[in-house]
Amino acid sequence: MRDHPHEGAAAPEDPGTTDGADSGARPTGGSHAEIPEVWHGSATNRIQWLLAAVGAGCLALGIELAVESNWTAGLAPLVMSVVGCVAVGLLVLFGTLAYVHVAVRIDKDCLEVRCGHIGVPRRRIPLDTVVGADFTPQVTPRHWGGWGYRWRPEQGTAVVVRRGEGVVVRLGDGRDFTVTVDDAEGAVRAIRGRLRPRKGTPAGA
């Protein structure tokens, strides 16, 4: 009996098998693959420089009074004026320059927030104390009673350097920490992608 002409020949390539091989080679993890090893973000408020200029003016006035004034008459009022101008100037300078800029860093272990160009004050939150993170489209000083490092008993703590988007970090002790930062949605993804699932609670919930 004549052999079948295709018997023993290589079988045609199975499209289903090929697709299966390709799908196995694709990276898994979805959005997790897009999360950088270390996420960096920042926010800036240039208007704060105007307030810093006011502080510098008060400081300069105090120094000028100390140098140019005649210390032989009216000593007590002069001392009070000098000390007052210098103190107000320093307070305004620190209170504004410290919150002209905020930098946020998220790695596999913690969320770190540094204020100002010298990084003070600073807040470091270990991610094993975080239970979730949410994007908030509008954070304003009015919500927190002003610029800077704020605390309100019903809202928790916040670093507010400008109006706009921010991140609300929910901590395991029931408190919240809010920070204004550009690309806040990216920060939320970076935090959620690093959270370890807790018993009975999905990660990032």
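**View 1. H101 sits in strand β2, which covers residues 101–106.** Strands here are DSSP runs of E with at least two residues, and helices are runs of H or I with at least four, both numbered from the N terminus. This is a predicted model, where local features need pLDDT of at least 70, side-chain atom pairs count only at pLDDT 80 or more, and totals for chains, interfaces and linings use all residues. Residues are numbered from 1 along each chain as its sequence is written, and side-chain values use heavy atoms, with hydrogens and water left out. H101 is buried, at 16% relative accessible area; buried means under 20%, exposed over 50%, and partly exposed in between (1.4 Å probe, protein chains only). Setting aside neighbours within four places in sequence, H101 is in contact with S42, A43, T44, R114, C115, G116, H117 and V161, contact being heavy atoms within 4.5 Å. With T44, the side chain of H101 also makes a polar contact of 3.2 Å. That term covers a pair of N or O atoms within 3.5 Å; within protein, one must be able to donate a hydrogen and the other to accept it, and residues adjacent in sequence count only if both atoms are side-chain atoms. Look for V160 too: its C-alpha atom is 9.7 Å from that of H101, though the two residues are 59 apart along the chain.

**View 2. E112, R114 and R122 are linked in a network of salt bridges.** A salt bridge here is a side-chain nitrogen of Lys or Arg within 4 Å of a carboxyl oxygen of Asp or Glu, and the structure holds 9 of them. R114, which also touches H101, pairs with E112 at 3.3 Å between the closest N and O atoms. E112 is buried at 12% relative accessibility, while R114 is partly exposed at 33%.

**View 3. K108 and D109 form a salt bridge.** Their closest N and O atoms are 3.2 Å apart. K108 is exposed, with a relative accessible area of 61%, and D109 is partly exposed at 40%.

**View 4. D134 and R170 meet through their side chains in a salt bridge of 2.8 Å, N to O.** D134 belongs to strand β5 and R170 to strand β8 (residues 164–171), so this pair ties together parts that lie 36 residues apart in sequence. Both ends are partly exposed: D134 at 27% relative accessibility and R170 at 23%. While you're here, find T136, also in β5 (residues 130–139). T136 is buried at 17% relative accessibility, and beyond four places in sequence it touches G164, E165, G166, V167 and V168.

**View 5. Strands β6 and β7 form a hairpin with 3 residues between them.** The two strands, residues 148–152 and 156–160, run antiparallel and are joined by 5 bridges; strands count as paired if DSSP finds at least two bridges between them.

**View 6. L75, V79 and V83 make up a nonpolar surface patch.** Together they have about 240 Å² of accessible area, worked out by the Shrake-Rupley method with a 1.4 Å probe, and for residues only the protein chains shown count as cover. Patches are made of residues with over 30% relative accessible area and no salt bridge; like charges are joined within 9 Å, and nonpolar side chains (Val, Leu, Ile, Met, Phe, Trp, Tyr) within 5 Å. V83 lies in helix α3, residues 75–97, and is exposed at 52% relative accessible area.
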